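Subject: Structure for you to look at

Dear colleague,

I am passing on the structure below, together with some notes on what was found in it. Please keep the sequence and the 3D view open while you read.

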Amino acid sequence: MNNEEKAYIAGFLDGDGCVMAQLVKHKDYLLGFQIRVSIVFYQKLKNQEILTWLKSMLQYGYIRERNDGMAEYTIVGSAEVRETLVFLLPFLRLKSELAQKVIDLIDQLPKKMNADSLLKLSKLVDETALFTYSKKRKQTYQSVHDYFSEHKLFPVETSVLNKY
């Protein structure tokens, strides 16, 4: 892919796309929550062919038609999102700081999540939300904290006094 195509895709993401880090709650998750990262490009159904072209260029994700006359091209998963953001980062303008924060978040994801890691990383997820316009966001660091307290999953903190 040449730089002109990379710049076009980055501009599309800056204008008609979204970079997200979310805390997803589900009763079947061991810790009650999971961190999901994604990139979504939006377009009216009549212009959906541009999303097909984007998918052919980026090689990840899926396209779905919504009931409101819109289509979405979505890339989900830490490895895929990270690779795509690193690829586009030099060409992003509006979403460059958000993209870097999501890359940094992905780089801190442990191979096996524990309560301490999830609580710490949920603060980073909250930081990325400052760059978006979501009005529906319900799951935050506080949600994770409250869930851990309620389910007695809180990370154990040790002090010097507890060692003796």
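In what sense do strand 2 and strand 4 pair, and over how many bridges? The two pair in the antiparallel sense over seven bridges, and within this pairing the bridge partner of F41 is Y73 in strand 4. Strands and helices here are DSSP runs numbered from the N terminus (E, at least two residues, for strands; H or I, at least four residues, for helices), and two strands count as paired if DSSP finds at least two bridges between them.

Before going further, please note that this is a predicted model, in which local features need pLDDT of at least 70, side-chain atom pairs count only at pLDDT 80 or more, and totals for chains, interfaces and linings use all residues. Residues are numbered from 1 along each chain as its sequence is written, and side-chain values use heavy atoms, with hydrogens and water left out.

The pLDDT, which is the predictor's confidence in each residue from 0 to 100, averages 90 for the protein, and 93% of the residues score at least 70. Over residues 158-164, however, the pLDDT is below 50, and beyond near neighbours in sequence this stretch has one contact in the model, contact meaning heavy atoms within 4.5 Å. Where pLDDT is low, the predicted coordinates should not be read in detail.

To return to the sheet, it is an open one of four strands in the order 1-2-4-3, with antiparallel pairing. Its edge strands, each pairing on one side only, are strand 1 (17-25) and strand 3 (62-65), and neighbouring strands are turned by 30° against each other on average, direction ignored. For such angles, axes are lines fitted to C-alpha atoms, for helices over the stretch in contact, and the angles run from 0 to 180 degrees between N-to-C directions. Strand 1 and strand 2 pair over nine bridges, with Q22 standing opposite R36 in strand 2, while strand 3 and strand 4 (residues 70-76) pair over four bridges, where R64 has E72 in strand 4 as its bridge partner. Helix 2 (residues 49-58) packs on the sheet, touching strand 2 (33-44), strand 3 and strand 4, and its direction makes about 15° with that of strand 4.

The largest pocket holds about 860 Å³ of space. A pocket is an open set of points on a 1 Å grid over the protein atoms alone, where a 1.4 Å probe fits, with protein on both sides within 12 Å along at least five of seven lines, and its lining residues have an atom within 4 Å of a point. Of the 31 residues that line this pocket, C18, M20, Q22, T132 and S134 lie nearest its centre. Strand 1, strand 2, strand 3, strand 4 and helix 5 (115-129) each give two or more residues to the lining, and strand 1 has the largest share, with nine residues.

The second largest pocket, with about 180 Å³ of space, is lined by Y29, L30, L31, F33, Q34, I35, L109, K112, M113 and L118. Strand 2 provides the largest share of this lining, three residues.

Finally, D126 is found in helix 5 and touches L23, R137, T140 and Y141, not counting residues up to four places away in sequence. D126 and Q142 are 16 residues apart in sequence and 9.6 Å apart in space, C-alpha to C-alpha.

With best wishes

Conventions: Points joined across faces, edges and corners; volume = space filled by probe spheres on them.
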